[in-house]
Amino acid sequence: MGCSKLIAGMFTMLLLAPAVLATDPDPLQDFCVADLDGKTVSVNGHPCKPMSEAGDDFLFSSKLAKAGNTSTPNGSAVTELDVAEWPGTNTLGVSMNRVDFAPGGTNPPHVHPRATEIGIVMKGELLVGILGSLDSGNKLYPRVVRAGETFLIPRGLMHFQFSVGKTKASMVVSFNSQNPGIVFVPLTLFGSNPPIPTPVLTKALRVEAGVVELLKSKF
């Protein structure tokens, strides 16, 4: 009798429980082209467009074929190809970027919080620097990577690229996430919204307030 009451109680709880959206680690269909305008709340990724509305070009993109404009303060240009730019990657856990560099240009220190990165230098020469965590003693792993050579950056580790050749350089990188995210260290520290209080940064960086304010003015 007690067992019957327990089962009945469990069914009652299930009936009264609110609907829950969940995710599966593997795709549940061949394609799930992102409906970027969809209003459905989801746990991971975007809702799928009906295949009848998806068209037939979601498996292809030419966006990385064109070099970016490197006339920027960093002397580099990032062309993103994540789910927002290529909805066909939705739920597949992959994306790509192209980065172009003027001579002396840099892709400043940054972190991808949601993805491991693997890249290939297409032309030029890049100093690739990968910084280990405190566990490794904040060790810097630097290497000049040339056209045709590759590099690997584990998820969450800070890294940078710097063009050390006399000509333009470019690289293409891939991520194991449709939305790897990016945290640029200089922009995050000195251009956050709202700003990080100056006393926090003067203590952390061991500099005078004037130095912090100068750096904030740059971002």
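Three strands, β2 (95–101), β3 (106–111) and β9 (169–175), each supply at least two residues of the lining of the largest cavity. The model is predicted. Among the contributors, β9 gives the largest share of that lining, three residues.

**The cavity**

A search of the whole structure finds one cavity of 30 Å³ or more. About 70 Å³ of space lies in the largest cavity. Its lining counts 13 residues, and N97, V99, N107, H110 and H112 are the closest to the centre. What kinds of residue make up the lining? Seven are nonpolar, five are polar and one is charged.

**The core**

In soluble globular proteins, nonpolar side chains tend to be buried together. Here, the largest nonpolar core holds 14 residues. Within this core, F101, L126, V128, F151 and M171 touch the most other members. Two or more residues come from each of β2, β5 (125–131), β7 (150–153) and β9. Which element gives the largest share of this core? That is β9, with four residues.

| Place | Share from β9 |

**Around F101**

F101 is one of the core residues that touch the most other members. Leaving aside residues up to four places away in sequence, F101 touches T70, G75, S76, T106, N107, L126, Q161, S163, K168, A169, S170 and M171. Two of these partners, L126 and M171, are also named among the core members that touch the most others. Another partner, N107, is one of the lining residues closest to the cavity centre.

Methods. Residues numbered from 1 in each chain as written. Predicted model: local features only at pLDDT ≥ 70, side-chain atom pairs only at ≥ 80, totals over all residues. Heavy atoms only, no water. 1 Å grid on protein atoms, 1.4 Å probe; cavity = no way out; pocket = protein on both sides within 12 Å on 5 of 7 lines; lining within 4 Å. Points joined across faces, edges and corners; volume = space filled by probe spheres on them. Nonpolar A, V, L, I, M, F, W, Y, C, P; charged D, E, K, R; others polar. Core = buried A, V, L, I, M, F, W, Y, C linked by side-chain atoms within 4.5 Å. Buried < 20%, exposed > 50% of the residue type's maximum accessible area, 1.4 Å probe, protein only. Contact = heavy atoms within 4.5 Å.
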